[in-house]
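Could you take a look at this one with me? I have put together some notes to read alongside the structure, one topic at a time.

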Amino acid sequence: MVSRVIPVETFDLVIFGGTGDLARRKILPGLFRRFRAGQMPAQSRIIGAARSELDTAGYRQMIADAVAEFGGDESNDKKSLQDFLDRLDYVTIDAKGEGGWATLAGLVRQDVVQAFYFSVAPSLFGDLAERLHTHKIANAKSRIVVEKPFGRDLETARALNQTLATHFHESQIYRIDHYLGKETVQNLMAVRFGNVLFEPLWNNHYVDHIQITVAETVGVGGRGAYYDKSGAMRDMVQNHLMQLLCLIAMEPPSQFGADEVRDEKLKVIRALEPVEPHHIVRGQYDATTDEPSYRNDAENPRSFTESFIAMKCHIANWRWAGVPFYLRTGKRMKARSSEIAVVFKDLGHSIFDDDQARHRNILSIRLQPNEGMDLQVTIKEPGPGGMRLIDVPLDMTFAEALGDDAEDVTDAYERLIMDVIRGNQTLFMRGDEVEAAWGWTDPLIVGWEARNDVPKLYDAGSAGPEDAMMLLHRDNRKWRDIKV
């Protein structure tokens, strides 16, 4: 299989926060991969902008070191790396003052695609947007990329949207969620809407329930101060898990266009029913002999912030009436794993012995690691001795199915940045979508704060608190194992 790489238009990409962790770990190494793949036109430029007192030579050396550390084997291509570095410039900028803006205005061209990546704190979005227009750098065709968090509740999300809307039209704003750039997430839409096999079964007549799990083995570590003001609900559920839920549950759009897809996702969020208090489980990882507790990591011995959350949700529409969606995410879990599992119903009637008939078809969509999908089907166990049934997966692991082309599906940021340059907003969140998600999330947070709920402790390296297991046991179901 030969991968098709389609070059984008010539562009200037300004990365505010260009010396930050995200720029060094993800953005610049990802752009280097696109450069090596031949997707970046020769006249394109990348301009780092930050407070650090650096010149262009110093910035290029910083990015060379970052690509060597985070770029994998591709960083060994010294000629390509040097050619890529030659396309980098740097400006020391004062986001709240005037320093550096005249220099930046002299570097950014008006006759190419302009993109501005706000890899900075949301409190600086307004200042950057204002100065881009004051200094006549941005124009009506410019695009801005903003990272989460998109507020911390509905009120702040609205304020943030209004700030951006003062200077940019909604069609110019790209709210990035790297989960939507994962190849498997996009393949979810291809599997649903590109195959006659699945879509007729994608409803409450055939689906028993759906599980969405995002498990991490790391704790909050150096992010403790930030995370303790956020928690798993704000940090993961309101954005990442909500987006996965929308894609798995949405109606087929009229066409694969940005607003058509996002319109259908918005309908899902608005159809979400309020979650009952006994359908929410919050947890906090405890200390082990080798690892500190969440409270130690957060440096807050009285913290009630959750590092784990599980919940049972329902969507009030004809397609999903009666089908529970179980969401689960947590830190310090037994394995790093992100999975969507569509569990189909039992057969209406089985011709086999009862003790051999308890088999279900399950479509498992693995987001990380080992991106891919498998469909669990029931077959006869080989050999004599009667009709013995076993479950086996029809496996499509991308690394195996696509061979060398699987190298092109390993990182989401590079794909999403190229979509920004193309002007394709399909995989980015719209303002009303963000606000609707907060509108559903806020009452849940207010509710447990009013009840003074205390998160349940769970052992690091486990699958979460026992109460989360009971959430499904009460429904005669069980969570799928968290495994690599």
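The numbered points below walk through helices, cysteines, a strand and some backbone angles.

1. A word before we start: this is a predicted model. Please keep that in mind as you read each point.

2. Let's begin with helix H1, which covers residues 21-36 and so is 16 residues in length. From its first C-alpha to its last, H1 reaches 22 Å, close to the 22 Å expected at 1.5 Å a residue. Even so, H1 has a bend of about 30 degrees at Ile 27. Within four residues after that bend comes a proline, Pro 29.

3. Which residues of H1 are buried? They are Ala 23, Ile 27, Leu 28, Pro 29, Gly 30, Leu 31, Phe 32, Arg 33, Arg 34 and Phe 35.

4. Helix H2 (residues 56-70) packs against H1 at an angle of about 90 degrees, and the two axes are 9 Å apart. Angles of 65 to 115 degrees count as roughly perpendicular, and H1 and H2 are therefore described that way. On the H1 side, the residues that meet H2 are Arg 24, Arg 25, Leu 28, Pro 29 and Phe 32. On the H2 side they are Tyr 59, Met 62, Ile 63, Ala 66, Val 67 and Phe 70. So that the spacing makes sense, recall that an α-helix has 3.6 residues a turn, and residues three or four places apart point the same way.

5. A second pair of helices is worth a visit. The axes of H9 (residues 231-249) and H10 come within 9 Å and cross at roughly 110 degrees. H9 and H10 are therefore roughly perpendicular to each other. From H9, the meeting residues are Met 242, Gln 243, Leu 245, Cys 246, Leu 247 and Ala 249. From H10, they are Lys 265, Val 268 and Ile 269.

6. Helix H10 spans residues 258-271, and Ala 258 lies in it. Is Ala 258 buried or exposed? At 19% relative accessibility it counts as buried, because the cut-off for buried is under 20%. Leaving out residues up to four places away in sequence, Ala 258 touches Gln 425 and Thr 426. Lys 78, by contrast, is 38 Å from Ala 258, C-alpha to C-alpha, and 180 residues away in sequence.

7. How many disulfides are there? The count is 0. Cys 246 is in no disulfide, and its nearest cysteine sulfur, that of Cys 313, is 11 Å away.

8. Next, find Ile 176 in strand S6 (residues 173-176). Ile 176 is buried, with a relative accessible area of 3%. Val 145 is 31 residues away from Ile 176 in sequence, yet their C-alpha atoms are 6.6 Å apart. Neighbours within four places aside, the contacts of Ile 176 include Val 145, Lys 148, Phe 150, Tyr 413 and Phe 428.

9. Lys 148 has a story of its own. A cis peptide bond with an omega of about 10 degrees joins Lys 148 to Pro 149. Pro 149 sits in the loop between strand S5 (143-147) and helix H6 (154-165). For background, most peptide bonds are trans, and most residues other than glycine have a negative phi.

10. Glu 299, not a glycine, has a phi of about 55 degrees. Glu 299 is placed in the loop between helix H11 (294-298) and strand S9 (308-313), and is exposed at 72% relative accessible area. Asn 476 has a positive phi near 60 degrees. It belongs to the segment after helix H15 (466-473) and is exposed, at 76%.

11. Finally, helix H14 (residues 431-450) has 20 residues and reaches 28 Å, close to the 28 Å expected. Thr 441 marks a kink of about 25 degrees, shortly before Pro 443. After H14 comes Asn 452, with a positive phi near 55 degrees.

Notes
Residues numbered from 1 in each chain as written. Predicted model: local features only at pLDDT ≥ 70, side-chain atom pairs only at ≥ 80, totals over all residues. Heavy atoms only, no water. Helix = DSSP H or I, 4+ residues; strand = E, 2+ residues; numbered from the N terminus. Expected span 1.5 Å × (residues − 1). Bend = angle between axes of the 7 residues up to and from the residue. Buried < 20%, exposed > 50% of the residue type's maximum accessible area, 1.4 Å probe, protein only. Disulfide = S-S within 2.5 Å. Contact = heavy atoms within 4.5 Å. Axes fitted to C-alpha atoms, helices over the stretch in contact; angles between N-to-C directions. Parallel < 35°, antiparallel > 145°, perpendicular 65-115°, else oblique.
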